[in-house]
Each structure stands twice: as C-alpha cells, then as structure tokens.
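Open the model in a viewer and keep the selection tool at hand. The stops below say what to select next and what is there.

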Amino acid sequence: MSETAPSAPSASPGRRARSERRNRWLLLTPAMVILSLAASGPLLVVLIYSVLTPGDYGGVEWRFSLDSWFAVVVERDFFTEELTLADAHLMVFWRSLKLSLCTALLCLIVGFPTAYFIATRPARRRDMWMLLIMIPFWTNLLIRTFAIMELIRNQGTVNTLLVASGLIDEPIQMLYTEFSVLVGMTYVYLPLMILPIYASMERLNFDLVEAGYDLYANRFQVLRRVIFPLVKPGVVAGSILVFVPCLGAYVTPRVLGGGKQLMLGNLIELQFGQLRNWPLGAALSLTLLAVVMVALIFYVRAIGQEGERDV
Amino acid sequence: MIEISGLTKTFGEGQSAFTALDDVSVTIRSNEFFTLLGPSGCGKTTLLRTIAGFLDPTRGSLTLDGEDLLSKPPYQRPVNTVFQSYALFPHMTVAENIAFGLQMLNRRKAEITATVAEMLELVQMTALADRKTSQISGGQQQRVALARALAPRPKVLLLDEPLSALDFKLRKEMQLELKRLQHETGITFVFVTHDQEEALTMSDRIAVMNAGTIRQIGGPRDIYDHPAERFVADFIGDTNFLQAKILSTDGAQARVRLVSGGEIAAQTAADAPVLDDGASVTLAVRPEHAELCAPEGALLSGRLRDVVYFGTDTHYHVALDQNETFTLRRQNQPGQTQVWQTGDHVGLNIAPGIPQILKD
Ligand SMILES: Nc1ncnc2c1ncn2[C@@H]1O[C@H](COP(=O)(O)OP(=O)(O)OP(=O)(O)O)[C@@H](O)[C@H]1O
Ligand SMILES: [Mg+2]
C-alpha cells in the first residue's frame, strides 16, 4: 500500500485526460448522430439529386447532369436552343428577397415599439401581454392565413368598412397582390421579432434611459443612442428569425398570393409537384440556402462594423 | 436658487395610496452643498427624482432661479444627476460617456473635446479615457458618473447616495473629492444620504427628513447642537433625553427644573411655540456635553453602570437616581488614569444653556 500510493497520483493525470477525452466523444455522439441524420444526410441527398436527370414522371434517373443548375438562372429556348436568362425564376428570387426584407422591416417597425411597450409595463402585467402576443403564434398557420384573407378580400371586413364609411366607392383589390403576401407574412412572423427584442429589452437597465434624458437627450435621441444599441442583439436575432423563414415561406404566399405572387417556396414545390422536375427543385432549394447564407453573412458583417463604429 | 413649495407626491390611488412627499417646502441656495438626510424610505429619492423631472408631483411648485421647472421635461432642465447605480452607458467608453451630454446639447466638436479632457483631468481618469465602463473599478465608475454629470455645467447637481457602494477608505477619499469639486465648480449640489456622519462632514446645510416631511433644516452645527425635536436628536448622533418642567422663559432661553430637582438654563428650538411656565418638556443633551464629578452638589447623580473604552474616547453609562439613564463621552488623553470605576456613585454636571428643549 505504502509503495503504490505515491505512484498513483503521478500516473492518474494522463489516464484521466485520456478517459476524459473518450467520455467527451461518447457524450457528443448522440448529437453527432442526430446532426448527420437530420441535417447533413438530407442535404447530401438534395445535393446528389440536383446533379441527376429528371425522370419522366417525377423522381430521377441516375444520370449525371448539370442542366438543372443552369436552369436555375438560364432558359434554353425549346426550338432555337437559344439561351436566355430565366426571367421567371429571377423574378421569383427577386420577389422573395424583396418581400422578406420588407417583412423583416415591417416586423421591426411594429415589433420594436410593441416590445418596448410591454417591457415598460409593471412586471406582473408583462406576462399577460406576452401571452396575448404568443396565442396567435400557437394557432395553426393556415387558420391565421385564412383569417387575414377574410379581412382583406374584396367583400372582407376592411373593404366593407371602408366602403361603408364612404372613404372609397368600390373595394380595393388587396388579396392576391404582393401587398397581401407582405401583410400576411408580417402578421405571421411578428411574434418572432417581438420575442427576442422583448428579451433584450427586459434586461435593459432603465436607469440608463433616465440617464439619457437627464443628459439632455430627447425621446428620439434616447431611443437611438441608448436603447437601440443596447437591445441590438435582440433586433439582430429577431430580424434573422423573421427574414430566413420568409425567404422559404410557402403557405402564406400560396393562400394570399393566390398562385400569382410566387415565392421561392412555391417555385420549389412546383418542381416537385406539377412540373415533375426534382433535380431543378433540388438545385433551387440549395440556391435558396446559399442566398440565405450570403444574406446572413452580409447582415452580420454590416451589424458588426456598425458596432465597431459605435464603440 | 431652487424654491420648492408645498411639494406633495402620492403614489397609487384609493386604499393603496401612499404619500411619499408630504407638503415639502425648502429653499436651496445657489452654490450650496445641500444634503437630504433621513432614514430609508423617507422620500429622499422621490424628492430628488421630482427635481430631476422623472416624477411628476401630485401638488406643489418647483422653480430654479425663478423659472418653473415642473412644466419642463427632464432633458430641458439644467439639472444633472449622479445615479446611485451610476447608470454609465455600457456601450460607450469613459470619454464617450462624459461627452454624451455635451453632444446632446449640440456643442461644437472642439469644445466637447476640450471639456471632456478637462473633466477627465478633474476626476483623474485621463489614463482610462478609452476604457469601456465595464472595465473600471467601482470607485472609478463613480468618478466617471460625476464627470459625466458635471460636464454640461448644470446649475444643479443631484447626487443620490453616490458613495454608498464604496468601501470605507474610498468613501472617505470621495467625500473630500466631492467637497473639492463642489468648491471648484461652484455648482449647487443636492446630496442624498442616510449616513449622518457623511452629512455632517460635507454639507453647508442639511435637511433632515422623516416620513415624507422635512423635520429640520440647518447647518451641521445647528442640527447637531440644536436639534429641534426628538426624531432629529435621535437620528443624528447619540442623545440623552431628560424630562423637565419649565420654570420661566426669556426669548430662546428657559429655566427648567429636572426630575432630580436640579435647575438649569436650556435652549428652546428656533421656531418652537411659546412655552408656558410649568409645561413638561424633554431636554436633549449630547453625551460629550456633560461631565462626571463628585455626586455632592451635582446637577444629576447616579451609579456608574458601565465604562466602555473606544480608543479615541470612553463611554460612561450612568443609571440616574430618577430611573433614567445617561451616557457620557470623554475623549481619552495620553497618560490619563481611570478615575471612575464601575459601581461608583457619581455626579453629572451640564453647562448652563447647553440642554436643548425639544418641540415634542
Ligand atoms: N413607484 C412607487 N410606487 C409606490 N411607492 C413608491 C414608489 N416609489 C417609492 N415609493 C415609496 O415611497 C417611499 C419613499 O421612497 P424613496 O425611494 O424616496 O425613499 P428614500 O428616502 O430614497 O429611501 P432609501 O434611503 O432607502 O433610498 C418609500 O416608502 C417607497 O416605498
Ligand atoms: Mg433612495
């Protein structure tokens, strides 16, 4: 005993480190398995499908072809074999980007004051306000979208009220326009903007706001110079949470755009459905992914730089 | 000059209504170091926040150099605050914090740079100008908060217990520094504290508050030597209370007879109502204003119950013959020998005119 005891401590650090390393890998394994099965695996399948030839009745033929990647941006005329830009696709890309940006902006404009309002209520009433924000979010997406439809269709509530009040003579066509898609998406994704901003705002030390007022900053200056920089992480998170799902939105543009205001999600669905061009669908999906990533990189860069300038 | 009159602030309504300020009237002079002193919850912060503009009073008026303040939002009042929590902007550096007020006032760039440099110098923070405020110590944050509030040269600086978070030594240092800054800048300081020693050492004048009202206003000496009522006498320093009867009055002086039968001249409070002969009153006597002596012929007599040595001074607790107790304080001298022992029968003498007749 007396001989082994002193040697034990000197041997154990190495052994412990090794077993620790092994344990770490063991503990990481479930996460790795789920990640590879649920994210990397499907993505790989999509990538493979995008470089195959479309089958006649959907599905794919196992023949390598980059045609679908070209088809994302260019069109080959059926008769003359002339190459032109795929206007229809680019139009959809453009609309998706535009509507997603506008939605994020609109959500910010509506969500920021809302979060501020809730965060400045007495503590015991904040939860109630947040519940009111969250209840619609827990409701089925389709139902909410149809509710918006009911509001803005030609014989809907808004038009009826406007006509009855004499402000307009005949109903305004709002449904099946980009406007209706924008309104619908803003409504649907608003909680995703409010939540993270509220979380930052709740942690905000309101003494700082008072200090701002005390040092001659008016309401707008306090908002811009004190509140906004401090809740910026929430604004960034909220914008990403709204912008990203908007780019891939499917239900809302389908119902409120009436098949006329296609967005990327609808275009991709078309390829897998009616048009039976799975490889093009796969290529479009990956393009969407790339657009999201590029947009996020630019956004985060811009925010970061602004941060440095502020500092 | 800040003139506050009839200021009342009631929080809540109906059953749960709470009056935090009750008809407060006070005039704070220009260039004065004015302290609001009182126990926790007495309304000091409420009064300060009303002056700053963060709270609207229920009633009353508030003017600064004759100009009505209540109609102005906080950002238009030439008044700055040093917050108890400092409230430094965490997303700005030390220098940017100090520049903030000047920028909001649209001062010229060159002027801002110069003033910030001057302020940094004043609070000895030049070396740390480019640090984030989260990367400096509590005492340094306190100095930055001070510099930030002083930079726009307000007419009045409000300080809400700015030293309470600091340790003893730093606190003493900052007390001197605050006093120096007030002297150098000539700005009116309204200083809140619940530390009576801090109030006595720093202030030109003190307002002692209790339960939403101002109980007494005066210089540190006034307040200490001539407390007007039991609350003030009790809250500031240690006090002995003695029951007595008025024999005769003559202006601010009165002759009173103590329960022991001894007679002595006493002071009446400045604004006290006229006292009738024969009225029962309470006298306040500070522990260092009495002397131990032989019991024969002394004003008061009793048994020495405890002698407690405190380093700089010694406290003597005397059980008076009339069922009252009296505490005495004597400064210790080198080479002094202990004359009185616990259990001795001792006498107490108080110089004429020293006892203070309380209003209640
Ligand atoms: N918003 C409020 N609603 C209701 N009551 C309040 C409110 N603010 C303060 N009070 C009450 O008013 C009283 C005075 O508060 P105030 O903060 O002025 O005290 P204080 O003298 O600064 O005390 P402390 O030394 O502890 O800081 C307290 O009893 C407090 O509970
Ligand atoms: Mg307070």
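A patch here is made of residues with over 30% relative accessible area and no salt bridge, and nonpolar side chains are joined into one patch within 5 Å. The model is predicted.

**Stop 1: a nonpolar patch on chain A**

Select Met128(A), Leu131(A), Leu132(A), Ile135(A) and Trp138(A). Together these residues make a nonpolar surface patch of about 520 Å². Leu131(A) sits in helix H4 of chain A, which covers residues 123–138. Its relative accessibility is 43%, so Leu131(A) counts as partly exposed. In general, residues three or four places apart on an α-helix point the same way, because there are 3.6 residues a turn.

**Stop 2: a negative patch on chain A**

Next, select Glu75(A), Asp77(A), Glu81(A), Glu82(A) and Asp87(A), which form a negative surface patch. For its setting, look at Glu82(A): this residue lies in the loop that runs between strand S3 (74–76) and strand S4 (83–85) of chain A.

**Stop 3: salt bridges within chain A**

Over all chains, the structure holds 22 salt bridges. Begin with Glu61(A) and Arg63(A), whose side chains meet at 2.6 Å, N to O. Glu61(A) is partly exposed at a relative accessible area of 31%, and Arg63(A) is also partly exposed, at 48%.

Then select Glu202(A) and Arg126(A), a salt bridge with an N to O distance of 3.6 Å. This pair links distant parts of the chain, 76 residues apart: Glu202(A) belongs to helix H7 (residues 178–203) and Arg126(A) to helix H4, both of chain A.

**Stop 4: a salt bridge between chains**

Select Glu210(A) and Arg49(B), whose side chains form a salt bridge at 2.7 Å, N to O. Glu210(A) is in helix H8 of chain A and Arg49(B) is in helix H1 (residues 44–52) of chain B, so the pair joins two chains. Glu210(A) is buried, with a relative accessible area of 16%; Arg49(B) is partly exposed, with 25%.

**Stop 5: helix H2 of chain B**

Select residues 94–104 of chain B, which make up helix H2. How many of its eleven residues are buried? Nine are, and the helix is mostly covered. Among the buried residues are Val94(B), Ile98(B), Phe100(B), Leu102(B) and Met104(B). Just after H2(B), Asn106(B) takes a positive phi of about 60°.

**Stop 6: chain B as a whole**

The chain contains eight helices and 20 strands, and its C-alpha trace spans about 80 × 55 × 40 Å along the principal axes. Of its 360 residues, 51% count as buried. Among contacts in chain B with a separation of 6 or more, 66% are between residues 24 or more positions apart. The accessible surface of chain B is about 16300 Å², with 48% belonging to carbon and sulfur atoms. Colour by charge to finish: chain B has 34 positive and 43 negative side chains, and the centres of the two sets lie 5 Å apart.

Notes
Residues are numbered from 1 along each chain as its sequence is written. Chains are lettered from A and ligands numbered from 1 in the order in which they are written. This is a predicted model: local features need pLDDT of at least 70, side-chain atom pairs count only at pLDDT 80 or more; totals for chains, interfaces and linings use all residues. Side-chain values use heavy atoms; hydrogens and water are left out. Helices (H or I, at least four residues) and strands (E, at least two) are DSSP runs, numbered from the N terminus. Buried means under 20% relative accessible area, exposed over 50%, partly exposed in between (1.4 Å probe, protein chains only). Contact means heavy atoms within 4.5 Å. Accessible areas come from the Shrake-Rupley method with a 1.4 Å probe; for residues, only the protein chains shown count as cover. Lys and Arg count as positive and Asp and Glu as negative; His and the chain ends are not counted. The place of a charge is taken as NZ of Lys, CZ of Arg, CG of Asp or CD of Glu. Patches are made of residues with over 30% relative accessible area and no salt bridge: like charges are joined within 9 Å, nonpolar side chains (Val, Leu, Ile, Met, Phe, Trp, Tyr) within 5 Å. A salt bridge is a side-chain nitrogen of Lys or Arg within 4 Å of a carboxyl oxygen of Asp or Glu.
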